[in-house]
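Before reading on, please take a moment with the sequence and the model shown here. The paragraphs that follow begin with one pair of side chains and then widen the view.

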Amino acid sequence: NEGVQTSNSGDSHQFKFISRAILAGYTASNVDVRTSGYDCIIDYKDILYKIQVKGRGVTSENSISFKGRARGGQGIDHKHKTNQGKRITHEDCDIYASVDKGTGICYLIPMKWVDEKIPPNKSDEHKDKIHLDELEEFKENWNVFEEKKYF
């Protein structure tokens, strides 16, 4: 079942990120409410950060999309505007974590930085992605929580 596999894959990326965060010395926890705008939280110096986790497959293009997945399934009108994927912004989460499916490499991308790069009100389907070359400073940057300019 493709839908079950998609859900399981998403969960595995979340758990991979959480385990990596714990190994990096952070207090991290899964969010069990699937309709929240974020997947886990990190407690760093008594501040809670909301993290949205997305997996990247080994065949993914060399960019990260900041648009959520459209909803579908039996009985769901996937063309209705309420079921379309929307652009994720800093109002949804503080950090967008992209986890490589094969290697486990994590990009910890501050959403305020993304919103400056791709203003949400100017976003369209062609500009919801940022190439990995532009995200190099966030690759395995577990010190991003120290950089107050992003929060």
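In this predicted model, the side chains of Arg87 and Asp128 come together in a salt bridge, with 3.8 Å from N to O. The two residues belong to distant parts of the chain, 41 residues apart: Arg87 sits in the loop between strand 4 (63-65) and strand 5 (95-100), while Asp128 sits in the loop between helix 2 (111-117) and strand 7. Arg87 counts as buried, at 10% relative accessibility, and Asp128 is buried as well, with a relative accessible area of 5%.

Another salt bridge, at 2.6 Å from N to O, is formed by the side chains of Lys117 and Glu134. Because Lys117 lies in helix 2 and Glu134 in the segment after strand 7, this pair ties together parts that are 17 residues apart in sequence. Lys117 is partly exposed at 36% relative accessibility, and Glu134 is partly exposed at 35%.

Lys45 counts as exposed at 59% relative accessibility, whereas Glu146, at 39%, counts as partly exposed.

Taken as a whole, the structure holds five salt bridges, and the chain has two helices and seven strands, which run α-β-β-β-β-β-β-α-β from the N terminus on. Of its 151 residues, 37% count as buried.

Conventions: Residues numbered from 1 in each chain as written. Predicted model: local features only at pLDDT ≥ 70, side-chain atom pairs only at ≥ 80, totals over all residues. Heavy atoms only, no water. Helix = DSSP H or I, 4+ residues; strand = E, 2+ residues; numbered from the N terminus. Buried < 20%, exposed > 50% of the residue type's maximum accessible area, 1.4 Å probe, protein only. Salt bridge = Lys/Arg side-chain N within 4 Å of Asp/Glu carboxyl O.
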